[in-house]
Amino acid sequence: MQRYFPVLNPLGLIILIFSLLMGIPLSVSWLHADNALTAYDESIFITFAFGLLLWATTRSRKRDLRVRDGFLLVVLTWVALPVFAALPLWLYVPDMSFTDAYFEATSGLTATGATVMSGLDNLPISINFWRTFLHWIGGMGVIVLAVAILPLLGIGGRQMFKAETPGPMKESSLTPRIAETAKGLWVVYLLLTVACTSSLTAVGMEFWDALMHAFSIMGLGGFSTKDASLGHFNSVPIELVAMSFALLSGINFATHFMALRQRSPKAYLKDPELPFYFGVLTVSIIALSLYLSTFNVYDGFANTLRYVAFHTISLSTSLGFATSDYTFWPMFAQLWILFLGSFIACSGSTGGGIKLMRAIILYKQVFREVVRAIHPSAIKPVRLGKAQITDKILHAVLAFSFIYMVTIVSLTLVLSATGLELITAFSAVIACLNNTGPGLNAVGPASTYAVLTDFQTWVCAFAMLLGRLELFTLIVVLTPAFWRK
C-alpha cells in the first residue's frame, strides 16, 4: 500500500483544494440567505478533514510522479471528487439516494449535463450554483487547474497533464513550463466566461441565471437552473449568445490561447480542424432544416431553422441545452444530431466525443487506403494541415476508435440486459460517453435519468468517466498489467 503514497499525497492536496472551492457556493448560500448553509458546512468539513488526513498520512513518501503515477492520480481524482461533490446534494435534497447524488456530481464534473433532478426552478440558488459550478471546474479539467497550483507545493504536474489533456497529440505544449500552460488556458477560459455572462445579461437574463448558464456553456455541460432548460426563456437573443459561446467552447483552447498571446486571429486560420468544424455544422443545419420542413414539425422555415440550429450546435458540441423536445423530430434527425456529438468538438476543447481531429485523421486514412487499393505503389502520407501524421498517431487513433465503438456496443448490451428499451439504452450510452447529457426516448430532453434503476445509473456514471478521460486513461488503470510491479 505504501508504494501508492506518492499518488495519494497529491490526491489529498487536490481534495483539500476542492473543499476550499465549496466555500464559493457556501458564500452564495449566505448571501441569498437560502436554507442550504448546513449542507455546505458539513460537506466542507468532511471534505477538508479527509483531504488533510490523506495528505498528512502520506507526506513522508512524497516524490516526483512517474507516468504510471500520473494515470492513477487522474483516475483516482475523477472517481473520488464526485463523492465529495455529491455531499451538498445528498445532504440537502430530500430523499436523494447517494447513487443519484454521485451521478449528478459526476455529470457535473465531467461536464455531461445528464440529470436525475427535477424542480430546478424551486431549488435554492446555491444548489443550482454548485451544480453549474461543477461544470465550470470540470470543463477545462480539475487536473489542469491542479498543475498550476501543485508545482508551488513541490509536486510536478507534467504526468497529470499528459493523462488529462484531450486529443491524440498530447505531447505538444504551448509554453515551456506545464504550469504556465495550465495558467494560460485558465486565463482564456475565465475571459470567455466573463464575456459569456456579460452577453447573457445584456440580452435580458438576470445576473445569477446568466452566470450559472455561462458556467454550463463554457464547460459544455448542460445543467440549467430551469426544468425547461433554455426553453424557459423563449428568447432568440439568448439562444444566439448560447450558440456563439458553445461554438467557441468547442474550439481547441490552445487556439484561443495562441490568438490571445499573438494578438492576432491567424491562429484560427492555421487550425486544421476549424474548416471541418464549421463546414459539417453548417451543412447539417441546412440539411436538417430542409428535412424537417417537409414534415412540418415547426411553423415556417425560419422557425425550423431556429430550433434546428440551436439543437444541432448544442448537441454536437456536447453542450446539451434544449429549447424544445427534439424527440418529436423524425428518428433520422434525432440520430443525426446524436451522431454529430460523437466527433464535432475539437481536440483541446471542453467538449466530448472522439474529437474532430481523430475523425479527420480517420477520414484521411480511409481515403488513403482507397487510393492504395487503386494504386498499390502510391505513396500518400496522411497530413493534418502542413503536419504529417506519424504511424504512431495513426495506430493510436485507430485503436481509440475501435475501443470507442466496442464500449458503445458493450454498455448498450449491458443496459439492454437490465430491461431498458433499446433506443433509450443506446442513446443513454452515447450521451454519457460523449458527455452530451440528454439522450432519446425515456432519457430525452423532456425527461431525466431518474427513470433508471440504481444499476443503470452506475453504468451511465461509469460511461461519463470513460468519456471524460477519453477511454484509455481509465482502461489502462483497470488492466492487470498496470498493477504489477
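## Charges over rings

In this predicted model, the charged end of arginine 358 sits over the ring of phenylalanine 400, 3.9 Å from the ring centre. A second case involves arginine 131, which lies over the face of phenylalanine 223 at 4.2 Å from the ring centre.

## Helix α18

Arg358 is among the buried residues of α18.

Helix α18 itself runs over residues 356-374 and has 19 residues. From first C-alpha to last it reaches 27 Å, close to the 27 Å expected at 1.5 Å a residue.

## Aromatic pairs

The whole structure holds 27 aromatic pairs. In one of them, tryptophan 186 and tyrosine 189 are edge-to-face, 5.0 Å centre to centre with 80° between the planes. These two residues are about one helical turn apart, because they are three residues apart in helix α10 (residues 178-202). Both tryptophan 186 and tyrosine 189 are buried.

Tyrosine 277 and phenylalanine 278 also form an edge-to-face pair, with ring centres 5.0 Å apart and planes at 75°. Tyrosine 277 counts as buried at 0% relative accessibility, whereas phenylalanine 278 is partly exposed, with a relative accessible area of 37%.

One aromatic cluster takes in Trp186 and Tyr189 along with Phe18, Phe129, Trp130, Phe133, Trp136, Phe207, Trp208, Phe215 and Phe253.

## Annotated binding site

An unreviewed UniProt entry lists Thr112, Leu220, Gly221 and Asn435 under "binding site". The positions span 324 residues in sequence, yet no two of their C-alpha atoms are more than 8.6 Å apart, so they gather at one spot.

Threonine 112 is in the loop between α6 (98-109) and α7 (125-140), and is buried, with a relative accessible area of 0%.

Leucine 220 is found in the loop between α11 (207-218) and α12 (236-249). Leucine 220 is buried as well, with a relative accessible area of 0%. With the sequence neighbours up to four places away again not counted, leucine 220 touches residues including Asn435, Ala111, Thr317 and Gly351.

## Domains

The domain assignment of the protein chain gives domain 1 (1-84) and domain 2 (120-159 + 174-405). The C-alpha centres of domain 1 and domain 2 lie 28 Å apart.

Methods. Residues are numbered from 1 along each chain as its sequence is written. This is a predicted model: local features need pLDDT of at least 70, side-chain atom pairs count only at pLDDT 80 or more; totals for chains, interfaces and linings use all residues. Side-chain values use heavy atoms; hydrogens and water are left out. Domain bounds come from an automatic or database domain assignment. Rings of Phe, Tyr and Trp (its six-membered ring) pair if their centres lie within 6.5 Å; planes under 30 degrees apart count as stacked, over 60 as edge-to-face and the rest as tilted. Helices (H or I, at least four residues) and strands (E, at least two) are DSSP runs, numbered from the N terminus. Buried means under 20% relative accessible area, exposed over 50%, partly exposed in between (1.4 Å probe, protein chains only). A charge sits over a ring if NZ of Lys or CZ of Arg is within 6 Å of the ring centre and within 35 degrees of the ring normal. The expected span of a helix is 1.5 Å times one less than its number of residues. UniProt positions are given in the numbering used here, feature names are shortened, and annotations may be inferred rather than shown by experiment. Contact means heavy atoms within 4.5 Å.
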